[in-house]
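Look for charged side chains that pair up. Then turn to the ligand and its neighbours.

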Amino acid sequence: MYHEIDLDNVNLSLQPPTEEPARQYYFMAKCLKWVRDFTKKNGRFPKSCVTTFGCQMNARDSEKLAGILAKIGFVETEKENQADFIIFNTCTVRENANMRVYGHLGQLTPVKKKNPHMKIALCGCMMQEPEVVEKIKKSYRIVDLIFGTHNIYKFAELLSACLESDRMVIDIWKDTDKIVENLPGERKFPFKSGVNVMFGCNNFCSYCIVPYVRGRERSREPEAVLKEIRQLASDGVVEVMLLGQNVNSYGKTLDNPCTFANLLQQIEEIEGIERIRFMTSHPKDLSDELIEVMKHSRKICRHLHLPVQSGSTEILKKMNRRYTKEQYLDLVRKLRKAVPDISLTTDIIVGFPGETEEDFEETLDVVRKVRYDSAFTFIYSKRTGTPAASMEAQVPSDVVKKRFDRLLAEVQNISAEVCAVHTGKVMPVLVESVNDHDQSLVTGRLSNNLLIHFPGDKSLIGKIVNVKLNECKGFYYLGSRTFDQSENF
Ligand code: 5AD
Ligand code: SF4
């Protein structure tokens with residue numbers, strides 16, 4: 001395990017090893033030397049800033065970047081313009097994610113003019129698009145390092161090259177089947193952690209750029225996942241979030257295939273882990289076996305994120321989702337029958353090419369029938385290179401905007417009603433933080449993912465306690481602790 005690696009014992013007079021992760025430890029030792037030289041020269045430690053865009057997978061990747069930066073002696077700052085090394089972990093799932101990155105780079109241009117020693121790095125999904133890299137090479141010369149999603153495990157090696165060079169370092173791989181284990185990683189919270197179970201996606205939904213930028217689906221060995229979670233449990237983590245673009249197809253590509261349901265059963269056995277979450281689930285791959293495991297589990301949270309994308313079978317077909325409206329609704333019925341108190345959330349895209357008013361009504365119909373606890377609603381964004389980008393009948397933006405507003409109103413009205421049904425109940429809550437606005441309150445999360453604020457102090461952080469849900473405020477609750485039940489979920 002990386003815990004045991006002492007970077008001072010790495011012999012830098014030798015050639016770098018060829019095998020991983022030893023090679024990355026070698027470059028971490030090299031970076032550590034750079035940091036020590038910097039500190040001696042400037043009388044202070046160098047500062048780093050990791051800025052993340054996009055999904056939970058990216059957030060987890062950023063923890064790994066931050067872990068390496070911490071290991072080699074950088075001090076973290078949240079202020080980009082005060083950092084000596086800034087890295088943007090980018091997202092490209094929708095166009096506005098790209099625009100935000102260009103906005104940050106624009107703001108940093110004058111800052112870097114004043115501090116030429118500042119190093120700026122870009123990584124993540126957006127960098128897997130050749131047009132993006134061309135644009136940066138041409139118009140954003142302030143960038144010093146660019147790498148993609150497939151070689152993120154090489155961060156220490158690339159950072160070392162960047163610190164020692166005045167030229168822009170670019171290393172993008174088209175794909176990989178490699179998974180490198182045992183690299184350092186930081187955790188934002190001491191009591192909960194994301195755990196990657198698989199990488200990439202093979203689904204090729206016709207609007208989605210992810211399979212092109214994250215590559216083919218590959219799963220971690222169950223033993224590697226279990227070992228990481230056992231380690232987390234012994235470090236005091238009580239909640240894990242299993243991460244993958246499509247966790248329901250976990251394990252299919254392993255030499256010894258293992259289903260996701262089976263992996264969950266093994267995680268359930270790990271002492272100290274009290275709550276298990278996972279995302280994202282594709283409806284077409286959600287098995288009866290998984291529903292059965294959820295039904296009997298003590299630890300799997302009563303929440304499922306089940307993206308529907310559209311309620312129209314016609315549009316779903318064009319999206320290449322491989323389920324119909326009826327199949328989706330049947331799945332919801334099956335889930336609710338097995339786990340009656342399950343909270344369901346979803347993703348919905350409005351304005352997919354060819355979406356008619358009737359198609360949109362079908363989406364509203366699904367929303368009304370399922371009654372989601374909450375839904376992420378997105379305006380369709382054309383992604384170059386995806387099949388949908390060249391489809392005919394792109395919907396005019398004013399029509400899309402009106403549909404989007406109607407959908408949002410429907411989703412919000414329903415979720416306010418759905419969330420309120422627990423009023424008066426006593427439920428176990430994992431306390432996450434002291435409340436931002438009122439220091440006499442703490443904020444915690446219910447098994448169904450809703451937030452609740454109640455009187456308490458920081459000694460409760462990371463503990464699971466029983467709380468009475470006194471009042472629903474739309475998307476969160478106000479509560480008070482009760483001491484009369486056993487506190488064990
Ligand atoms: N336009 C709009 N939304 C998209 N998503 C993925 N690709 C696009 C796109 N091109 C949404 C889907 C997915 C979520 C992560 O992002 O709803 O589930
Ligand atoms: Fe994109 Fe579909 Fe894969 Fe999700 S399942 S990442 S929407 S291609």
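Start with Arg383, which counts as buried because its relative accessibility is 2%, under the 20% cut-off. This is a predicted model. What does Arg383 form a salt bridge with? The partner is Glu95, and the closest N and O atoms are 2.9 Å apart. Arg383 sits in the loop between β14 (374-379) and α13 (397-419), while Glu95 belongs to helix α3 (residues 95-114). They are 288 residues apart, so this pair links distant parts of the chain. Glu95 is partly exposed, with a relative accessible area of 37%.

Side chains of opposite charge can pair when their charged atoms come close. Take Lys325 and Asp365. Their closest N and O atoms are 2.7 Å apart, and they form a salt bridge. This pair also links distant parts of the chain: Lys325 lies in helix α11 (residues 325-338), Asp365 in helix α12 (residues 357-370). Lys325 counts as buried at 9% relative accessibility. Asp365 is partly exposed at 22%.

Next comes Asp235, which forms a salt bridge with Arg187. Here the closest N and O atoms are 3.6 Å apart. Both residues are in loops, 48 residues apart. Asp235 is partly exposed, at 36%. Arg187 is partly exposed too, at 27%.

The count comes to 36 salt bridges. Some share partners: Arg60, Glu63, Glu181, Arg220 and Glu228 are joined into one network.

Now find ligand 2. Among the residues that surround it are Cys201, Phe204, Tyr207, His282 and Arg321. The shell around ligand 2 divides into 7 nonpolar, 3 polar and 1 charged.

Methods:
Residues numbered from 1 in each chain as written. Chains lettered and ligands numbered in written order. Predicted model: local features only at pLDDT ≥ 70, side-chain atom pairs only at ≥ 80, totals over all residues. Heavy atoms only, no water. Near = heavy atom within 4 Å. Nonpolar A, V, L, I, M, F, W, Y, C, P; charged D, E, K, R; others polar. Salt bridge = Lys/Arg side-chain N within 4 Å of Asp/Glu carboxyl O. Helix = DSSP H or I, 4+ residues; strand = E, 2+ residues; numbered from the N terminus. Buried < 20%, exposed > 50% of the residue type's maximum accessible area, 1.4 Å probe, protein only.
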